[in-house]
Amino acid sequence: MKRNGEEQREVERDGISAILIFLAILLCLLVNWFSYLDTQRHLQSAAQTDAQVEQRVNFRPEDDLLLVLVNSRNPLPEDWTITPRMVGDEVVDIRAYEGLIAMFDAAAEENIWFWVVSGYRSPGQQEIVLDRAIKNNETAGMTEKEAQEDALRTVAQPGYSEHHTGFAVDLNDVTDDFEESDAYRWLSRHAAEYGFIQRYKPEKSAVTGIDRESWHYRYVGKAHAKEMERLDFCLEEYVEYLKDNAYSGPDF
């Protein structure tokens with residue numbers, strides 16, 4: 001009986017040893033598995049970071065159509081097309097349409113009213129606008145040269161106007177008095193929320209080449225508009241900023 005008891009205890013010890021060995025092996029497997037998962041997470045994170053860096057390095061502002069830069073030095077791209085949408089009697093590009101309507105609706109809830117005086121213009125229409133401005137100046141007593149120089153301070157040459165993009169709108173009263181209106185003050189607070197910027201501010205005229213136009217707004221998308229507002233940049237400055245910093249802009 002004594003021998004049988006010892007044998008039983010040895011069997012129990014062997015069983016316990018086997019269990020401990022099994023648990024040790026299982027623990028090693030679990031440690032290795034979690035280590036593998038952690039490694040995979042790090043690799044995935046590194047790959048995502050590399051992809052983001054690559055995207056930023058290769059980013060060109062001109063690749064984002066919302067940032068198309070049209071001014072006295074940069075003509076409208078030859079292959080530029082718009083998908084027209086009517087806002088009243090005027091046309092805007094479909095990419096600006098939704099933000100524009102949402103902005104108008106939000107303002108209306110506060111009894112602030114907007115209307116589009118001028119939206120998309122073809123180069124031919126721009127030529128008519130410029131000629132009219134020159135003739136008005138001549139009628140006011142300016143020489144031909146003075147009339148043209150004065151007109152070009154606020155009216156772009158055909159092919160060089162933002163209105164060709166379908167992203168630009170002139171709102172309400174196209175006069176300096178608009179800057180004193182409740183509508184202008186509302187835009188100053190809220191336009192960026194809907195993807196719009198005041199394109200030609202007086203303090204930026206040396207950069208844009210255009211005198212103050214409190215009524216002229218340009219659609220660039222919400223993310224860009226908010227970033228430009230934060231940086232206090234006009235479009236020319238913002239595009240150069242993105243290029244110089246090899247930075248893809250805000251999260252789109």
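1. In this predicted model, Arg185 and Asp182 form a salt bridge through their side chains, with an N to O distance of 2.8 Å; the term denotes a side-chain nitrogen of Lys or Arg within 4 Å of a carboxyl oxygen of Asp or Glu. Both residues belong to helix α5, three residues apart, or about one turn of the helix. Helices are DSSP runs of H or I with at least four residues, strands are runs of E with at least two, and both are numbered from the N terminus.

2. Arg185 is partly exposed because its relative accessibility is 37%, and Asp182 is likewise assigned as partly exposed, at 48%. (Buried means under 20% relative accessible area, exposed over 50%, and partly exposed in between, with a 1.4 Å probe and protein chains only.)

3. A salt bridge also joins the side chains of Glu179 and Arg212, at 2.9 Å from N to O. This pair connects distant parts of the chain, 33 residues apart: Glu179 lies in the loop between β4 (168–171) and α5 (182–190), and Arg212 in the loop between α6 (205–208) and β6 (213–219). Arg212 counts as partly exposed because its relative accessibility is 36%.

4. In helix α8 (residues 235–244), Lys243 and Glu240 are three residues apart, about one turn of the helix. Their side chains meet in a salt bridge of 3.9 Å, N to O. Lys243, at 41% relative accessibility, is partly exposed, as is Glu240, at 40%.

5. The count by this rule is eleven salt bridges.

6. Residues are numbered from 1 along each chain as its sequence is written. Local features need pLDDT of at least 70, side-chain atom pairs count only at pLDDT 80 or more, and side-chain values use heavy atoms, leaving out hydrogens and water.
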